[in-house]
Amino acid sequence: MTVTRTEHRPLLPLAPVVREGNRHGSRSYLTCLFKCGNACDHEVPNPNDGETIRDVIQSAVGRRAVLRGSALGTGALVVGASGLMAGAAPAAAAPAAGAPGPTTLANARFRSVAPNRRDAVVLPDQFDHDVIIRWGDPVLPGAPDFDVRNLTVAAVKKQFGYNNDYVGVVPIGKDRAVMVVNHEYDDIGLMYPQGHYSQRDLARLGMYTHGISVVTIKRGKVPGSWRRVKDLTKAPKNRRITVETRFKMTGPAAGSDWLKTSDDPTGSVVKGTLNNCAGGTTPWGTVLSGEENFNQYFNTEGTVPTGPTFGGAKDSYARYGIRSNSSDPRNWHDVDDRFDLEKEPNEPHRFGWIVEVDPLRPKSQPRKHTMLGRFKHEGANVVIADNGRAVVYSGDDERGDYIYKFVSEERYDPRKTARARNHNKRLLEAGTLYVAKFTGDGLEDGVSDGTGKWIKLCSDRESFVPGMTVEEVLTFTRLAADKVGPTQMDRPEDVEVNLVNGKVYAALTNNSQRGSTFPADEANPVTSCGTRTSPGAPLEMKSGNRNGYVLEMTPDDGDHTRSTFTWDLFLICGDPESPETYFAGFDKSKVSRISCPDNLAWDSSGNLWISTDGAAAGLGHNDGLFRVPTSGPERGRVQQFLTVPKGAECCGPLVTDDDRSLFFAPQHPGEIDGATFAEPASTWPHTDDFPRPSVCVAFRKA
Ligand code: FEO
Ligand code: CA
Ligand code: CA
């Protein structure tokens, strides 16, 4: 394998950090603090209050059950999940036109990248990568050159934001596309020289490093490579969506009393989007983005008020993790009253939604769709069902929370007209929202599998949850779902449809409290797992599910609008030497270690690409990206394709429809305990003496 960038070593000797709070393995203090506000240190927002199951279920090991249900995929038509690249036919049941050759990402034979702790992107020998854009690079005309010691709000508003996460790519010609990138969160310890900016300046700068960027890219000289258009006069679609961009609320909860603030007495226009994690590209060429750990931006100097409750349910602030000091150390409420819970108690209700951005129309107003519910959305992915309805899958990334599905009322119009596109852009405004319940069929068959049901929460006209209106179900979706008995999952991340087999795959990243706070069940079976502290350290068993799963769901009759399905655990991640792991029945001696699956992507052959976030905590090595076939004799053969730099998670990923380009986005490089701006644990991408999160593209060497 090759290291494709200059690698600066040795880096800082890591001093132990003495701080309060259990870090759940070796995950960075900084990542926990800034990414999700130390969610794991706080009371679980959705503790299991039911009867404790005493008989701990051991992990399924052994053969994979033969999937039930009919052949699938013939009707599923979607472009979003696999990207919308120039000239590509919509990906459907068969591989894209021009079956992939032996040199494409879909079927290249490569030697798996070994687990490592390097400060570099490491790829198989025959592949290379380019950095497309870094934190601080110009996005809009007039953006000054990035100077970390002279940042102003005016500059940051025109520059690429921090901590790139989702990457969506929409073509605007044969050789050009617009890339839509989320900026999930800021890390003030790593981003700026210590003591250089005041706390109030850090709050203001931090607000604008969040949001979304739209960046025009063009094909590079090497097939499969892409670069950003640096002449910004030729990139009129470029855009920065920030904390001050006004979003239109759509759907039944728009205008609700729960959304009204002094800035917006109509409850229908919201300033900004926060903590945008993953997303999805729609078949109509827009991009969805999930507002995830939005709870950590709100606080007050006084006592945190309680949120609304319904029918004796838990205080909604607590259920969403809004608590005293939850915004420390950002403290945005010190510089903007709308983040002060005492002054604007409804402001948190205006976040936690799925937003939709039209990158082809840079002046268009982005929207937040209330019909998709409010929770810690990892992302959202659209598939068009056989009957034409748009179906959206979305996970709520919290320990013990749920997987959701939305089915549109109206049908998708496949025509390539402006009228059809405008119609499609309204599909997510009306329909029915469901939450998932998983029932196991017993472990006597040696596998975790069973049947599932989508439980109705509400339609745009009717609530199916006693004691809650439609507006309340949508604004306080967690509380509504609690009342109907869904299955508490181990942090649902991406939920995406494989267009080749029509099945739905969900990444369930980890839950160290499975087996304690949360009893095991057949869909969440691991209560003890093998961990390592470094690639060569001995395997050590620890409690809980620390390495995650990939769940496979098969809609009955292949119909994504049906309310019933079957399921199995496709992967029980971890070290293949550890007994609980399972790789769809594939020979465990021939697979890569994998921990904490997060985001999913597909190539045109239906191989699943899995990016990870947390491998250092679970298995002691850098995060990365893995390819795994979902059918045929190599089903379950997990191979590591790349590793990202030390301290980073691997975001993005996106394989283009021609299987030539792989977009990926190393987020928070160097976010390791003890690291600071002055003493970084990473300097990737090695253009400065501090790390800069960046979006990359991998491609076959010429
Ligand atoms: Fe931002 Fe669920 O990862
Ligand atoms: Ca079973
Ligand atoms: Ca994620």
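View 1. Cys277 and Glu378 are both buried, where buried means under 20% relative accessible area, exposed over 50%, and partly exposed in between (1.4 Å probe, protein chains only). The model is predicted: local features need pLDDT of at least 70 and side-chain atom pairs count only at pLDDT 80 or more, while totals for chains, interfaces and linings use all residues. Residues are numbered from 1 along each chain as its sequence is written, chains are lettered from A and ligands numbered from 1 in the order in which they are written, and side-chain values use heavy atoms, with hydrogens and water left out. Donors are N, O and S atoms within 2.8 Å of the metal (3.2 Å for Na, K and Ca); water is not among the atoms, so sites may look incomplete. Helices (H or I, at least four residues) and strands (E, at least two) are DSSP runs, numbered from the N terminus.

**View 2. The calcium ion (ligand 2) and its protein donors.** The donors are Asp441 (OD), Gly442 (O), Asp445 (OD), Asp445 (OD), Val447 (O), Asp449 (OD) and Glu522 (OE), and they lie 2.2 to 2.8 Å from the ion. Their residues are spaced D-G-x2-D-x1-V-x1-D-x72-E in sequence. Asp445 counts as partly exposed because its relative accessibility is 23%.

**View 3. Ser448 and its contact with Glu522.** Ser448 sits in the loop between β19 (431-440) and β20 (449-459). Is Ser448 buried or exposed? Its relative accessible area is 2%, so Ser448 is buried. The side chain of Ser448 reaches the backbone oxygen of Glu522 at 2.9 Å. This is a polar contact, a pair of N or O atoms within 3.5 Å; within protein, one must be able to donate a hydrogen and the other to accept it, and residues adjacent in sequence count only if both atoms are side-chain atoms.

View 4. Most residues other than glycine have a negative phi, and most peptide bonds are trans. Asp328 and Pro329 are joined by a cis peptide bond with omega about 10 degrees, and Pro329 lies in the loop between α5 (316-319) and β13 (354-357). Asn331 is placed in the loop between α5 and β13; it is not a glycine, yet its phi is positive, about 50 degrees. A cis peptide bond also runs from Trp684 to Pro685, with omega near 5 degrees. Pro685 is in the loop between β34 (662-667) and β35 (694-700). Asp659, in the loop between β33 (649-655) and β34, has a positive phi of about 60 degrees although it is not a glycine. Asp659 is buried because its relative accessible area is 2%.

**View 5. Cysteines without a disulfide.** A disulfide is a covalent bond between the sulfur atoms of two cysteines. It is counted here as a pair of cysteine sulfur atoms within 2.5 Å. How many disulfides does this rule give? The count is zero. The sulfur of Cys529 is 9.1 Å from the closest cysteine sulfur, in Cys596, and therefore too far for a bond. Cys696 is in no disulfide either; its nearest cysteine sulfur, that of Cys650, is 8.9 Å away. Cys529 counts as buried at 1% relative accessibility, and Cys696 is buried with a relative accessible area of 0%.
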